[in-house]
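Student: I would like a close look at one part of this model. Please take me through the sheet and the charged pairs that go with it.

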Amino acid sequence: LRYHVHLSTDKDFYPNDQTLVETLQGAVTTTLRGLVEDETYYIAILAEDVDGKLSKRIDKREVKLIASR
């Protein structure tokens, strides 16, 4: 399996080449760098099977980075 990680500041985004930040092969964790504190991001992870078919369901999550004080 491969996982395509998409990130945007637009909650209504649709995963595409511009929102793709990383493709993971076999890994289930990653670190996203360059994010800005106090910004809200929306992340979507699409799975790709061995035949190259992407998951049809797009489940987005909201992530808010908060500065540690």
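Tutor: What follows describes the sheet and then the salt bridges.

The model is predicted. Its sheet is open and has four strands in the order 2-1-3-4, with antiparallel pairing. The edges are taken by strand 2 (20–25) and strand 4 (60–64); each has a single partner strand, so one side of each lacks a neighbour in the sheet. On average, neighbouring strands of this sheet are turned by 25° against each other, direction ignored.

Strand 1, residues 2–8, runs antiparallel to strand 2, and five bridges join the two. Within strand 2, T23 is the residue that stands opposite H4. Strands of a sheet pair through backbone hydrogen bonds, either parallel or antiparallel.

Turning to side chains, those of opposite charge can pair when their charged atoms come close. With a limit of 4 Å between a side-chain nitrogen of Lys or Arg and a carboxyl oxygen of Asp or Glu, the count comes to two salt bridges. One of them is formed by the side chains of R2 and E48, at 3.5 Å from N to O. Because R2 belongs to strand 1 and E48 to strand 3 (residues 40–48), this pair ties together parts that are 46 residues apart in sequence. R2 is partly exposed, at 32% relative accessible area, while E48 is buried, at 15%.

A salt bridge also joins the side chains of D59 and R61, at 3.0 Å from N to O. Here D59 is partly exposed, with a relative accessible area of 31%, and R61 counts as exposed at 51% relative accessibility.

Notes. Residues are numbered from 1 along each chain as its sequence is written. This is a predicted model: local features need pLDDT of at least 70, side-chain atom pairs count only at pLDDT 80 or more; totals for chains, interfaces and linings use all residues. Side-chain values use heavy atoms; hydrogens and water are left out. Two strands pair if DSSP finds at least two bridges between them. Axes are lines fitted to C-alpha atoms, for helices over the stretch in contact, and angles run from 0 to 180 degrees between N-to-C directions. Buried means under 20% relative accessible area, exposed over 50%, partly exposed in between (1.4 Å probe, protein chains only).
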